[in-house]
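Please look over the sequence and the model shown here before reading on.

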Amino acid sequence: MQRGFWDWVLIIIDRYGLWLLEGTGTTLFVALSGTITGFCIGLAIGVVRTLPVNSHAERGRFSPGAAALKGVRILLAAYIEVFRGTPMIVQAMVIYYGLLEFFGINLQTMTAAFVIVSINTGAYMAEIVRGGIDSIDPGQSEAANAIGMTHLQKMLYVVLPQAIRNILPATGNEFIINIKDTSVLNVISVTELFFMTKSIKGAIFRTYEPFLICAVIYLFLTFTISRLLRVLERKLDGPKDYTVLQSSTMPGPRLTTKR
């Protein structure tokens, strides 16, 4: 009997629905955990790249601390350029098989997926965090220095809270990109959504229907998450309309939000 398009769709959902759910769960887990870890890597790199060089180094005198800091910055810049300048699919092959070839380390595929997505995202997040830090008014850093804050205190209490708010949309975009880019990890046999779809294709000898369902799932994930992130952004923005009320106990105007 000749089966039509909808017949195959129902067959795939009935027989292989659990495969698709498992692949979707793996995709979300790798993307979310990798994005969070990459975000932390980016924050750490952002703080290191803003560390001030001491005055001796600025006057041309040799300083071991300044020399070490410059060396670290060079290594971080190389890391960022390498992982931003090469595709994740190539990074997956080089890291997974390179560790086995040169160090005898045979990573579990899920561990390898987590490491690859994390360090790839970290390179992008480092530049995003740098832009977020640069967007903060330098006067706030100068004020923090004036009241005796250390560099770490200034970053934790003044700069980073504002920078993180500014880079939230870009961070959400990285999460959405990672959801889609995890599909390349099928080259090292990570059982994410694309890998499962390929397995279904091999089981039923059909291509169009499995990959159309796969595309719909990816679209549902990215669309839903993008909308949730927009809601979060609006919550963090706070109210935009204010009215000026005169206090009965204190002189001068005060602001209150409109109801």
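## Salt bridges

A search of the whole structure finds four salt bridges, a salt bridge being a side-chain nitrogen of Lys or Arg within 4 Å of a carboxyl oxygen of Asp or Glu. The model is a predicted one, in which local features need pLDDT of at least 70 and side-chain atom pairs count only at pLDDT 80 or more, while totals for chains, interfaces and linings use all residues. Residues are numbered from 1 along each chain as its sequence is written, and side-chain values use heavy atoms, with hydrogens and water left out.

One of the salt bridges joins Glu-127 to Arg-49, with 2.8 Å between the closest N and O atoms. This pair links distant parts of the chain, since Glu-127 belongs to helix H5 and Arg-49 to helix H1, 78 residues apart. Glu-127 also meets Arg-130 in a salt bridge of 3.1 Å, N to O, and these two residues lie three residues apart in helix H5, about one turn of the helix. Arg-130 in turn forms a salt bridge with Asp-134, where the closest N and O atoms are 3.3 Å apart; because Asp-134 and Arg-130 are four residues apart in helix H5, about one helical turn separates them. An α-helix has 3.6 residues a turn, so residues three or four places apart point the same way.

Taken together, Arg-49, Glu-127, Arg-130 and Asp-134 are linked in a network of salt bridges. Arg-49 is partly exposed at 29% relative accessibility, Arg-130 is partly exposed at 35%, and Asp-134 counts as exposed at 53%, where buried means under 20% relative accessible area, exposed means over 50%, and partly exposed lies in between (1.4 Å probe, protein chains only).

## Overall build

The protein contains nine helices and two strands, which follow the pattern α-α-α-α-α-α-α-α-α-β-β when read along the sequence; helices (H or I, at least four residues) and strands (E, at least two) are DSSP runs, numbered from the N terminus. Of its 259 residues, 37% count as buried. The protein exposes about 15500 Å², of which carbon and sulfur atoms supply 64%, the areas coming from the Shrake-Rupley method with a 1.4 Å probe. Among contacts (heavy atoms within 4.5 Å) between residues at least 6 apart in sequence, 72% join residues at least 24 apart.

## The bend in helix H1

Helix H1, residues 5-49, spans only 55 Å between its end C-alpha atoms, whereas a straight helix of 45 residues would span 66 Å at 1.5 Å a residue, the expected span being 1.5 Å times one less than the number of residues. Helix H1 has a kink of about 75°, centred on Tyr-16, where the bend is the angle between axes fitted to the seven residues ending at a residue and the seven starting there.

Asn-120, in helix H5 (residues 109-134), is buried with a relative accessible area of 6%. Leaving aside neighbours within four places in sequence, Asn-120 is in contact with Phe-83, Met-88 and Gln-91.

Asn-186 is found in the loop between helix H7 (151-181) and helix H8 (193-204), and counts as buried at 12% relative accessibility. Not counting residues up to four places away in sequence, Asn-186 touches Glu-192, Phe-194, Phe-195 and Lys-198.

## Cysteines

A search of the whole structure finds zero disulfides, a disulfide being a pair of cysteine sulfur atoms within 2.5 Å. Cys-40 is partly exposed at 46% relative accessibility, whereas Cys-214 is buried at 3%.
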